[in-house]
Amino acid sequence: MPLPPAFEGRLAVPAIAAPMFLVSGPDLVAETCRAGVLGTFPALNARSTALYGDWLDTISGRLAAAPGAAPFGVNLIVHKTNARLAADLAVTVEKKVPLVITSLGAVRDVVDAVHSYGGLVFHDVISRRHAEKATEAGVDGIIAVAAGAGGHAGTLSPFALLGEIRRVFAGTLVLSGAMSTGAHIAAAQVMGADLAYLGTRFIATRESLAPPEFKDMLVASSADDVVYTDAISGVNANFLRPSMVRAGLDPANLVKHAGLDMASEAKAWRDVWSAGQGVGAVADIPGAGELCARLAREYDAALAAAAARRSQPALATAV
């Protein structure tokens with residue numbers, strides 16, 4: 001379907017820089033938006049609701065000085081162990097955040113609260129069943145988190161997941177999973193997604209909050225270094241094997257986690273670092289604006305190359 005009117009004419013490339021726990025902050029969001037990619041961050045990255053409000057003011061102020069910048073969004077964890085949800089939602093409504101991305105629960109009351117001021121709600125899912133629940137909750141967009149995505153990820157191929165979600169949802173569809181280049185963004189659109197969702201590639205930028213060692217590890221890693229496990233936070237996610245070893249863990253003998261608890265998530269993700277299977281495409285640590293410009297060039301080149309192939313004479317004629 002067409003992009004929401006709030007996005008039209010404001011994106012240099014049809015992509016969202018995903019909200020990454022302990023990584024995305026005001027600098028990364030503002031620079032990404034100014035470069036034409038929708039920037040986001042988890043509300044919980046600000047260590048208090050008051051600081052979260054300050055971050056929103058900082059981002060809004062910077063973008064007000066950049067006419068035509070892409071809109072921004074925040075990620076709210078809708079899970080019973082998130083003690084800050086009600087307070088953070090109240091601040092979100094007060095500040096009228098343009099886009100809210102909900103995770104670990106699609107709740108009608110949250111959606112209605114965001115809709116009350118004209119905001120949009122996207123919800124991330126890993127299955128058709130979750131997409132059906134999100135549709136019932138009235139979300140505006142669904143993020144299909146396919147196999148290979150960084151952070152909490154699913155196991156379905158994007159070909160399967162996109163098709164199944166589109167059968168039950170007519171709104172904006174976003175694809176997540178192992179995308180790191182402008183060509184990947186173009187491929188997501190060809191597959192039927194309206195937007196691409198990139199996370200790992202934006203960790204390795206100068207503005208991200210990730211430690212330098214984390215960024216360097218991304219540059220040195222490949223898909224073979226990614227481990228899919230629920231042993232770190234209680235929910236299946238992709239993590240870098242070298243970071244497990246660095247933290248004193250044995251990737252081959254991980255201890256089963258007791259279950260998701262947002263009160264202890266920061267400690268788990270601080271020491272063991274997440275990345276998607278697209279990490280092999282990360283070869284440098286540019287500024288966020290430079291990366292966005294690169295993605296736009298790659299996207300345009302990929303579409304032009306696809307058009308050129310389409311216009312070539314057929315290699316064979318059916319008999």
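**View 1. Where α1 meets α12.** On the α1 side of this contact sit Leu28, Glu31 and Thr32, and they meet Ala288, Gly289 and Cys292 of α12. Sorted by type, the residues of this contact come out as 3 nonpolar, 2 polar and 1 charged. The model shown here, and in the other views, is a predicted one. Helix α1 covers residues 26–34 and helix α12 covers residues 288–311; their axes lie 8 Å apart, at an angle of about 35°. The crossing of α1 past α12 is right-handed.

**View 2. Helix α1 again, this time with α2.** Here the partner is helix α2, residues 49–64, whose axis comes within 10 Å of the α1 axis and crosses it at roughly 25°. Angles under 35 degrees count as roughly parallel, so α1 and α2 get that label: roughly parallel. This crossing is right-handed. From α1, the residues taking part are Pro26, Asp27, Val29, Ala30, Cys33 and Arg34, and they meet Trp55, Thr58, Ile59, Arg62 and Leu63 from α2. That contact is made up of 7 nonpolar, 1 polar and 3 charged residues.

View 3. Now we move to strand β4, residues 99–103, which is where Thr102 is found.

How values were computed: Residues are numbered from 1 along each chain as its sequence is written. This is a predicted model: local features need pLDDT of at least 70, side-chain atom pairs count only at pLDDT 80 or more; totals for chains, interfaces and linings use all residues. Side-chain values use heavy atoms; hydrogens and water are left out. Axes are lines fitted to C-alpha atoms, for helices over the stretch in contact, and angles run from 0 to 180 degrees between N-to-C directions. Helices (H or I, at least four residues) and strands (E, at least two) are DSSP runs, numbered from the N terminus. A crossing is left-handed if the near helix is turned anticlockwise from the far one by less than a right angle, and right-handed if clockwise. Contact means heavy atoms within 4.5 Å. Ala, Val, Leu, Ile, Met, Phe, Trp, Tyr, Cys and Pro count as nonpolar, Asp, Glu, Lys and Arg as charged, and the others, Gly among them, as polar. Angles under 35 degrees count as roughly parallel, over 145 as roughly antiparallel, 65 to 115 as roughly perpendicular and the rest as oblique.
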